[in-house]
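Colleague: I would like to go through this model feature by feature. Please give the general idea each time, and then the case at hand.

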Amino acid sequence: MMTQKSDGERKVARREERRKNTDFWIYLQTSLALFSWIFFLVALIMSYYAAPDQYYGILRYYDIEIRQFWLTPLTGYLYILLWLSTLGAYIALMTDKYRCRRYIDNRHYHLMFLIVVNLIWLVYLLVEAP
């Protein structure tokens with residue numbers, strides 16, 4: 001007795017996975033995405049030290065001087081880190097576009113999110129930091 005297969009089962013049966021293991025491009029894409037996120041996290045830490053200090057009431061009470069300007073050397077490094085993070089995420093997306101063309105492949109929305117956040121942060125720095 002034969003059972004009838006649904007359309008979804010036939011599509012899965014026709015399209016067997018031919019990839020046996022990961023290749024150089026997948027390793028490159030993964031390492032670029034990882035380094036992009038690491039650069040982003042280092043940029044977050046560096047922005048804490050480069051940004052102007054917060055003006056808290058206790059500082060005003062004890063008449064402690066606070067810095068109200070961006071530190072120029074750290075801001076330069078911050079620009080470089082953000083651009084490297086954006087470039088790494090973009091190259092990882094481009095390798096993904098040409099390497100993974102199946103519908104079931106990962107879309108890597110985290111890299112798109114990282115690019116958008118980096119670009120918004122760069123525009124903010126261009127407006128706020130001298």
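Modeller: Start with contacts, meaning heavy atoms within 4.5 Å of each other. Of the contacts in the chain between residues at least 6 apart in sequence, 73% join residues at least 24 apart. This is a predicted model, where local features need pLDDT of at least 70 and side-chain atom pairs count only at pLDDT 80 or more, while totals for chains, interfaces and linings use all residues. Residues are numbered from 1 along each chain as its sequence is written, and side-chain values use heavy atoms, with hydrogens and water left out.

Colleague: How many helices and strands does the secondary structure of the chain come to?

Modeller: Both are DSSP runs numbered from the N terminus: helices are H or I with at least four residues, strands are E with at least two. The chain has five helices and zero strands, and its pattern along the sequence reads α-α-α-α-α.

Colleague: What share of the 130 residues in the chain is buried?

Modeller: The terms are set by relative accessible area, with a 1.4 Å probe and protein chains only: buried is under 20%, exposed is over 50%, and partly exposed is in between. Buried residues account for 28% of the 130. The areas come from the Shrake-Rupley method with a 1.4 Å probe, and for residues only the protein chains shown count as cover. The accessible surface of the chain is about 10,500 Å², and carbon and sulfur atoms hold 65% of that.

Colleague: What span should helix 5 have, and what do its end C-alpha atoms give?

Modeller: The expected span is 1.5 Å times one less than the number of residues. Helix 5 covers residues 109–128, so its 20 residues should span 28 Å, and the end C-alpha atoms are 28 Å apart, in agreement. Helix 2, with 27 residues, reaches 38 Å from its first C-alpha to its last, close to the 39 Å expected.

Colleague: Which residues of helix 5 are buried?

Modeller: They are L111, L114, I115, N118, W121, L122 and L125. Because they cover an arc of only 135 degrees around the axis, they sit on the same side of helix 5; the arc is taken from the directions from the helix axis to the C-beta atoms. Y109, F113, I120 and V127 are exposed on the other side.

Colleague: What do the buried residues of helix 5 pack against?

Modeller: Helix 2 (24–50) and helix 4 (72–99). Read from helix 2, the buried residues pack against helix 4 and helix 5. Those of helix 2 are I26, Q29, A33, S36, F40, A43, M46, S47 and A50.

Colleague: Where does T30 lie, and what does its side chain reach?

Modeller: T30 is in helix 2. Its side chain reaches the backbone oxygen of I26 at 2.8 Å. That is a polar contact: N or O atoms within 3.5 Å, where within protein one must be able to donate a hydrogen and the other to accept it, and residues adjacent in sequence count only if both atoms are side-chain atoms. T30 and A92 are 62 residues apart along the chain, with their C-alpha atoms separated by 7.5 Å.

Colleague: Does R67 count as buried or exposed?

Modeller: R67 is buried, because its relative accessibility is 16%. It is in the loop between helix 3 (57–61) and helix 4. The side chain of R67 reaches the backbone oxygen of F69 at 2.8 Å, and a polar atom of that side chain lies 3.3 Å from the backbone oxygen of A50. Beyond its neighbours within four places in sequence, R67 is in contact with Y49, A50, A51, P52 and D53.

Colleague: How many aromatic pairs are there?

Modeller: A pair of rings is described by the distance of the centres and the angle of the planes. Rings of Phe, Tyr and Trp (its six-membered ring) pair if their centres lie within 6.5 Å; planes under 30 degrees apart are stacked, over 60 edge-to-face, and the rest tilted. The count by this rule is five. The rings of F24 and W25 have centres 5.3 Å apart and planes at 70 degrees, so that pair is edge-to-face. Y48 and Y49 are also an edge-to-face pair, 5.1 Å centre to centre with 80 degrees between the planes. W37, F40 and W121 form one aromatic cluster.

Colleague: What else does Y49 touch, leaving out residues up to four places away in sequence?

Modeller: Y49, which lies in helix 2, touches R67, L71 and L74. Y49 is exposed, with a relative accessible area of 52%.
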